[in-house]
Amino acid sequence: MFLCSQISTADFTEIIPEGGQISIPDAFAKYFEIHKVEDSLGLLQSQYVMSMYDKIKDTVRFKNVYLRRQVNLYDKENEEQFSAVTIVLPDNTICISFRGTDDTIIGWKEDCNLSVYETVPAQKDAIDYVNAEAKFDTVSGIRICGHSKGGNLAVTAGVRVAPDVRKRIIQVYSFDGPGFQPSFLRKKGYLEMKDRITSIWSQNSLVGVLLEPAGKVEIVHSRVFGTLAHDGFNWTVIGTVFEREKELSDFSKHFDNLANQFVENATQEEKIALFDELFDALLSGGYSTLTELTKMSIPETMKFLHSLNGSKKVRDFIRQMIKAIGKESVSMIPIFNAADSQKKIDEDK
């Protein structure tokens, strides 16, 4: 199911026929007429995902697996990034796969908005997508999955779709997806679905531990720390299953406590103000993707930090995240990397 969660990362625009379907081998054969195996899909996507696409198109396992109806939405004004695709499986069931956060700043902000608003635009579209697929195919059993924010969307849709659709859902999988506000876990739909929801976290998780978890939580072994621990291709597999761990690492527990402490202690107005200021500064600075942030020089990093209207709260939040995650674990992003930046942030406190 993890592989299915990664298939939605690919853009099948003009590959999946409108109103029809295409086999995995044919879809990725066409995909690699446009892309190369060496291409990057952005900072937040696994460096291994393109190799996975190249391999699965030639496997017997995916020979009779089909794709239909991918939806891709990006709305800067409404702060939404959303994508989903339906995977038709040989056992006469379908798997709806939701894409996680992409490389865009807007997609990143929508993740943060999960801690502020009860519903974000991508969640509404996830619900609509599953309801529409269930109406199109009134027979097949339904599985839903997603990685990162896609996992949150999978759970949201599974809980909040129409009651008759909910009855057809076999299982929902969230792979290191952020959790939910407590009110979500009291919904009737969640209480009906919770035994069919599995949240799979890396032992060094920085994302899955955010907010309240849904369903049964399984912790898997990760070979790495920091942001790379979010990449499921860095989780250890024994045979065909992930290697399980009994509990989160101290690293993950510390980050969990720090992040959720902020979420719990800050008012909604404070969180909105913080995220608006942080992301408005990034967008007004001409940045639209996380990949662009990796190219920031130390002077550019300092200029960005000082552009935050002198907000001590925002600077303190960034400083705490730097200390919690650590320079080594996020060395790919200068804003979360340089010792000089850390020193100056401490001086500005």
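This is a predicted model: local features need pLDDT of at least 70, side-chain atom pairs count only at pLDDT 80 or more; totals for chains, interfaces and linings use all residues.
Residues are numbered from 1 along each chain as its sequence is written. Local features need pLDDT of at least 70 and side-chain atom pairs count only at pLDDT 80 or more, while totals for chains, interfaces and linings use all residues; side-chain values use heavy atoms, with hydrogens and water left out.

Helices (H or I, at least four residues) and strands (E, at least two) are DSSP runs, numbered from the N terminus. Buried means under 20% relative accessible area, exposed over 50%, and partly exposed in between (1.4 Å probe, protein chains only). In a regular strand the side chains alternate between the two faces of the sheet. In strand 5, G141, R143, C145 and H147 are buried on one side, and I142, I144 and G146 are buried on the other. Two strands pair if DSSP finds at least two bridges between them. Strand 5 runs parallel to strand 4, with 6 bridges between them, and F98 stands opposite G146 of strand 5. Strand 5 is also joined by 6 bridges to strand 6 (residues 169–175), again in parallel; there, C145 has Y173 as its bridge partner.

A cavity is a set of points, on a 1 Å grid over the protein atoms alone, where a 1.4 Å probe fits but cannot get out; lining residues have an atom within 4 Å of a point. Grid points are joined across faces, edges and corners, and a volume is the space filled by probe spheres set on the points. The model has 2 cavities of 30 Å³ or more. The largest has a volume of about 80 Å³, and its lining includes L114, Y117, N152 and F184. The second largest cavity holds about 60 Å³. Its lining has 13 residues, of which S174, G177, P178, G179 and S199 lie nearest its centre. Helix 6 (149–160) and strand 7 (197–202) each give two or more residues to this lining, and the largest share, 3 residues, comes from helix 6.

Most residues other than glycine have a negative phi. E14 has a positive phi, near 70 degrees, and lies in the loop between helix 1 (2–7) and strand 1 (21–23). E14 counts as exposed because its relative accessibility is 79%. N92 also has a positive phi, of about 65 degrees, and is found in the loop between strand 3 (80–88) and strand 4 (93–98). At 62% relative accessibility, N92 counts as exposed.

Terms used. On a 1 Å grid over the protein atoms alone, a cavity is a set of points where a 1.4 Å probe fits but cannot get out, and a pocket is an open set with protein on both sides within 12 Å along at least five of seven lines; lining residues have an atom within 4 Å of a point.
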